[in-house]
Amino acid sequence: MRDFRLLWAGETASMLGSSVAAVALPLVAVVTLHADTFTVGLLTAAAWLPWLVTGLPAGAWVDRLPKRPVMLTCDAVSLTAFGSVPLAAWLGGLTMTHLLVVATVGGVARVFFTLAYRAYLPALVGSERLLEANAKLQGSESAAQIAGPGLAGLLAHAFGAVSGVLADAISFGIAALCLRAVRTREPAHRRTGSRAVRHPETRKRWQLLAEIRDGVRFVIPDPYLRTLTLFSAMSNIAIMGYHSIQVVFLSRHLGAGSAQIGLVLALAGAGGLFGATLAGRIAARFGTARGFLLCEAFAAPMMLLGPMGNGPALFTVSGFCTGAGIVASNILTSTFRQQYCPPELFGRITASAATLNYGAIPLGGLLGGLLGESIGVRETMSLMAAVQLASLTILLLSPIRRSRDFPALNGSFRPQHGS
């Protein structure tokens with residue numbers, strides 16, 4: 001497990017940096033550049049828009065390529081992009097346009113990295129240890145979400161908000177160094193592409209489209225993947241619409257300073273760590289599918305509590321409980337997908353689902369910003385929490401409601417275009 005420990009260490013550093021940046025970038029926009037609520041929401045949307053634009057072709061490309069070099073390239077691109085923010089600030093040339101470009105470039109790198117990373121993990125640990133590995137990685141992500149906001153607040157208080165973005169850039173360098181030391185290479189899979197075409201100049205384009213279509217054709221008719229994709233899309237709109245303006249809510253409506261915002265978000269993020277430790281026990285006690293439903297049914301109403309109070313205490317409790325349920329459910333569904341989907345199609349299947357459910361995230365960010373300006377920040381957060389609760393209907397109308405466990409590997413699918 002040496003290689004997994006290296007990957008785990010590198011990703012923990014990267015997750016911590018990204019958690020710092022998730023607070024630092026809005027703080028730079030609000031405190032340094034005096035951006036309005038809509039612009040802060042636009043910053044969140046820019047980071048996730050690449051899923052909608054590049055997700056499908058990225059899945060096909062990742063399936064063609066060895067995963068580790070793709071991940072290393074993404075780390076290098078992210079280091080360069082986020083490192084440019086403190087440099088521009090120190091030179092006196094930082095603008096909101098620069099922040100939006102950096103968020104977009106970092107988002108493109110995240111698309112490719114996420115697809116490669118999820119496909120690489122089963123080769124690294126084996127199917128029998130996937131749940132344990134996912135729980136450890138999600139636990140690290142939750143721990144990073146605890147430490148990251150607090151660290152971002154302290155850095156902003158001591159050195160200015162832009163210092164948190166520098167910390168994120170450094171974290172990508174650490175992740176790349178750890179990944180370079182990993183020795184495991186994924187096994188070569190038989191590529192599934194199109195049959196030969198007569199015109200060489202159209203061959204690559206035809207093959208790419210055919211490979212993308214194979215991923216889409218796997219997801220759409222599958223009742224489990226289709227349900228999870230639709231649910232995730234609706235849920236992500238709600239969650240990101242909520243999260244994109246929570247810094248504005250804490251700062252301008254609850255009167256919290258930078259350090260207090262970091263502390264509140266850190267305490268709320270502790271719920272994710274708690275959920276990660278419970279995921280395996282929930283699966284063993286209730287089953288993977290039923291446990292997933294219970295986690296989501298717990299998280300959704302807890303989200304409604306956040307904007308109800310006039311102080312940070314209720315917001316913190318809400319965030320803790322919501323994070324616990326969502327992280328535990330994410331571990332169960334991530335493990336299901338990695339065990340259920342054929343490895344040679346994994347990138348395309350993941351991209352087909354992620355293009356919709358992650359592509360919904362910028363819509364949520366834009367809605368959060370627009371509605372926050374028009375009807376109020378507190379009212380918008382309450383509305384987004386209600387949407388999250390309504391999204392449970394999708395799960396209750398699916399086969400997941402009647403299942404104790406998610407099914408095992410789907411071996412019935414055959415690509416339409418054989419190699």
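A crossing of two helices is left-handed if the near helix is turned anticlockwise from the far one by less than a right angle, and right-handed if clockwise. By that rule, α14 passes α15 in a right-handed crossing. This is a predicted model, in which local features need pLDDT of at least 70 and side-chain atom pairs count only at pLDDT 80 or more, while totals for chains, interfaces and linings use all residues. Residues are numbered from 1 along each chain as its sequence is written, and side-chain values use heavy atoms, with hydrogens and water left out.

**Helices α14 and α15**

- Helix α14 covers residues 360–374, and α15 covers residues 377–390; helices here are DSSP runs (H or I, at least four residues) numbered from the N terminus.
- The two pack at an angle of about 140 degrees with their axes 7 Å apart; axes are lines fitted to C-alpha atoms over the stretch in contact, and angles run from 0 to 180 degrees between N-to-C directions.
- The pair is therefore oblique, since angles under 35 degrees count as roughly parallel, over 145 as roughly antiparallel, 65 to 115 as roughly perpendicular and the rest as oblique.

- Gln388 counts as buried because its relative accessibility is 1%; buried means under 20% relative accessible area, exposed over 50% and partly exposed in between (1.4 Å probe, protein chains only).
- Leaving out residues up to four places away in sequence, Gln388 touches Ser235, Ala238, Ile239, Glu296, Ala300 and Met303, where contact means heavy atoms within 4.5 Å.

**Gly148, in α5**

- You will find Gly148 in helix α5 (residues 130–159), and at 0% relative accessibility Gly148 counts as buried.
- Beyond residues up to four places away in sequence, Gly148 touches Leu16, Ser19 and Val20.
- Gly148 and Asp168 are 20 residues apart along the chain, and their C-alpha atoms are separated by 10.0 Å.

**Charged side chains**

- Side chains of opposite charge can pair when their charged atoms come close.
- One salt bridge turns up in a search of the whole structure; the term means a side-chain nitrogen of Lys or Arg within 4 Å of a carboxyl oxygen of Asp or Glu.
- Arg404 and Asp405 meet in a salt bridge through their side chains (3.1 Å, N to O).
- Arg404 is partly exposed, with a relative accessible area of 36%, and Asp405 is partly exposed with 36%.
- Asp75, in helix α3 (residues 67–90), is buried yet has no salt bridge, and the nearest side chain of opposite charge, Arg68, is 9.6 Å away; Lys and Arg count as positive and Asp and Glu as negative, with His and the chain ends not counted.
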